[in-house]
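My entries follow in the order in which I made them.

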Amino acid sequence: LDGYFCDFSINEYGLGMDIDKHPFNLLYFQASFHKYWTLSPRFYYEAMVEGKVSQYGDQPYYLQKGLGYSNSFVRGYELYVVDGNNYALVKNEIKFRILNVPVQPIPIPFVPRQFNKTYYSLYLTAYTDWAFVGSPNPNAIDNNLANAPLWGNGFGLDFITYYDLVFRLEYSINKQGQSGIFLHFQAPM
């Protein structure tokens with residue numbers, strides 16, 4: 001709820017090896033930065049910026065991972081994969097703590113003391129996400145979400161418990177006007 005997190009990776013595929021008489025070499029850089037603020041005792045704000053930059057040129061389709069993989073997606077587009085060589089993703093969320101039950105010991109026989117404690121919190125959230133995926137595979141069919149801005153907005157309920165396990169129930173609407181209720185089992189950012 002307060003602090004920051006930074007993650008980055010540099011990946012190299014191929015090392016110039018000949019594949020079907022075409023030298024293959026792909027280098028890409030991927031990074032994300034998350035910042036969390038406590039606005040008041042019950043209000044919190046989160047912002048996240050993530051991106052990927054790849055080498056220019058033809059790339060094998062299986063390496064063109066844009067959005068829709070892992071936790072890199074625009075909320076409201078959970079059912080979509082938007083492939084491309086580069087992308088930028090921004091997520092913003094405000095939380096209101098509805099309930100916070102502090103750590104409670106639960107006497108469970110034969111369970112070590114550090115594992116027989118529980119707590120839970122409940123947050124009401126509102127969010128907006130924006131993204132852009134560039135350089136899609138020109139041979140891909142039906143990749144009409146690439147090379148266009150994407151956005152998703154919505155609100156949800158986060159239930160957080162044992163060892164920061166997060167259950168999220170969200171209602172989202174995306175740029176195409178599609179909406180839905182989505183259930184997630186991970187932190188939103």
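**Cavity**

I found that the largest cavity has a volume of about 30 Å³. A cavity here is a set of points on a 1 Å grid over the protein atoms alone where a 1.4 Å probe fits but cannot get out; the volume is the space filled by probe spheres set on the points, which are joined across faces, edges and corners. My search of the whole structure returned 1 cavity of 30 Å³ or more.

The model is predicted: local features need pLDDT of at least 70, side-chain atom pairs count only at pLDDT 80 or more, and totals for chains, interfaces and linings use all residues. Residues are numbered from 1 along each chain as its sequence is written, and side-chain values use heavy atoms, without hydrogens and water.

I listed the lining (residues with an atom within 4 Å of a point): Leu67, Gly68, Phe73, Val74, Tyr77, Tyr80, Val82 and Leu150. This lining holds 7 nonpolar residues, 1 polar and no charged; Ala, Val, Leu, Ile, Met, Phe, Trp, Tyr, Cys and Pro count as nonpolar, Asp, Glu, Lys and Arg as charged, and the others, Gly among them, as polar.

**Leucine 89**

I next noted the contacts (heavy atoms within 4.5 Å) of Leu89. Leaving out residues up to four places away in sequence, Leu89 touches Met48, Val49, Glu50, Leu67, Ser72, Phe73, Val74, Trp130 and Ala131.

**Second largest pocket**

I then turned to the second largest pocket, a pocket being an open set with protein on both sides within 12 Å along at least five of seven lines. The second largest pocket holds about 290 Å³ of space. Its lining has 16 residues, with Gln30, Glu50, Ser70, Ser72 and Tyr87 nearest the centre. I recorded this lining as 5 nonpolar, 7 polar and 4 charged residues.
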